[in-house]
Amino acid sequence: MGSGDVEGTNRGRPASVAGLLLAAGSGSRLGRPKALVEVGGERLVDRGIRTLAEGGCDPVMVVLGAAETVVSGARTVHNPDWATGMGSSVRAGIDALPDTVDAVLVALADQPLVTSLAVRRLIDEYERGARAAVATYAGNPRNPVMLGREHWSTVHAMAEQDVGARPFLRAYSHLVTTVACDDIASPDDIDTAEDLARLSDMLDRA
C-alpha cells in the first residue's frame, strides 16, 4: 500500500483506475447477503462488477465476506473481518490493489441504480486532474468515490467500523472534486425487503 510517485506512476502509459466493489456484508436487515440478491435477473455482485467494468475500471475487484461466491470479470478479496463493518472491507480492498493501479473507484454492491455513466464521469474527472472525487446527488456526497493513490493510506487509516471513505471526504473536502450525477444515477440502496421490491420494480420499468 505505497503512496508512490504519482507523476512517475503515470509517465509513459495511460492512467489505470481500478474498480473496488464492496460486497462483504450479511444484509442483516434484509435477511441474506446482499451480494447474492437478484435484481432484474442479475445478482447485485454481478451487476456491480459489470457497472464498474463498463464505466472504464480495470481491474475490477470485489470484497466478499459473509457470502463467498464465484464471480466472473473480477478479482475477489476475502475480508475475514467483514462483521466489523464496511471499514474493514475498504482496508482489505486497498491492501489488495496492485502496484500498477494509479487510482481506485469504490462502489457499493447494494446500490444498483449507480450506473456505468456515473463511474465514467468520475474517471473523466480523474483524467482531467482530480486526485479525489465523489458523486453527488442533490448536492449530497454519496457513491461512487474515486481516490488517487496518494490518498489511500489516509483513507485506510480513517476507515473503521461501518464507515468507509466518509471520514476522509469530510476531513479533506478541500481536496475532493464533487461530481453531480443526479441525471444519470441514484444512490438508493437496498437495506430491507421493501427497498428490494421498490428498486426491482424501478429497474423492471427502466
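**Helices, cores and cysteines in a predicted model**

In helix α4, the residues Ala118, Val119, Leu122, Ile123, Glu125 and Tyr126 are buried; here buried means under 20% relative accessible area, exposed over 50%, and partly exposed in between, with a 1.4 Å probe and protein chains only. Helices (H or I, at least four residues) and strands (E, at least two) are DSSP runs, numbered from the N terminus. The structure is a predicted model, in which local features need pLDDT of at least 70 and side-chain atom pairs count only at pLDDT 80 or more, while totals for chains, interfaces and linings use all residues. Residues are numbered from 1 along each chain as its sequence is written, and side-chain values use heavy atoms, with hydrogens and water left out.

Looking down the axis of α4, the buried residues fall within an arc of 155°, so they line one face of the helix; the arc is that of the directions from the helix axis to the C-beta atoms. On the other side of α4, Leu117 and Glu127 are exposed. The length of α4 also works out: at 1.5 Å a residue, its 12 residues should span 16 Å, and its end C-alpha atoms are 16 Å apart, which agrees. The expected span is 1.5 Å times one less than the number of residues in the helix. Just after α4 comes Gly129, with a positive phi of about 120°.

The next topic is the interior. A nonpolar core is a set of buried Ala, Val, Leu, Ile, Met, Phe, Trp, Tyr and Cys residues joined through side-chain atoms within 4.5 Å. The largest such core has 31 residues, and Val45, Val62 and Leu105 touch the most other members. At least two residues of this core come from each of β1, α2 (44-55), β4, β6 (103-108), α4 (116-127) and β7 (132-137). The top contributor is α4, which gives 5 residues. Leaving aside neighbours within four places in sequence, Val45 is in contact (heavy atoms within 4.5 Å) with Leu21, Ala23, Ala35, Val62, Leu64 and Val71. A second, separate core of 26 residues includes Val101, Val134, Val145 and Val155.

Helix α3 (residues 86-96) has buried residues as well, namely Gly87, Ser88, Ser89, Val90, Ala92, Gly93 and Ile94. Among the elements that cover them are β1 (17-23), β4 (60-64), β5 (75-78) and α5 (152-158).

Arg43 lies in strand β3 (residues 42-43) and is buried, with a relative accessible area of 18%. Its side chain is joined to that of Thr69 by a polar contact of 2.8 Å. A polar contact is a pair of N or O atoms within 3.5 Å; within protein, one must be able to donate a hydrogen and the other to accept it, and residues adjacent in sequence count only if both atoms are side-chain atoms. Thr51, found in helix α2, is buried at a relative accessible area of 11%. Not counting residues up to four places away in sequence, Thr51 touches Val114, Thr115, Ser116 and Val119.

Finally, the cysteines. A search of the whole structure finds 0 disulfides, a disulfide being a pair of cysteine sulfur atoms within 2.5 Å. For Cys57, the nearest cysteine sulfur is that of Cys181, 13 Å away. Cys57 counts as buried at 5% relative accessibility, and Cys181 is buried with a relative accessible area of 0%.
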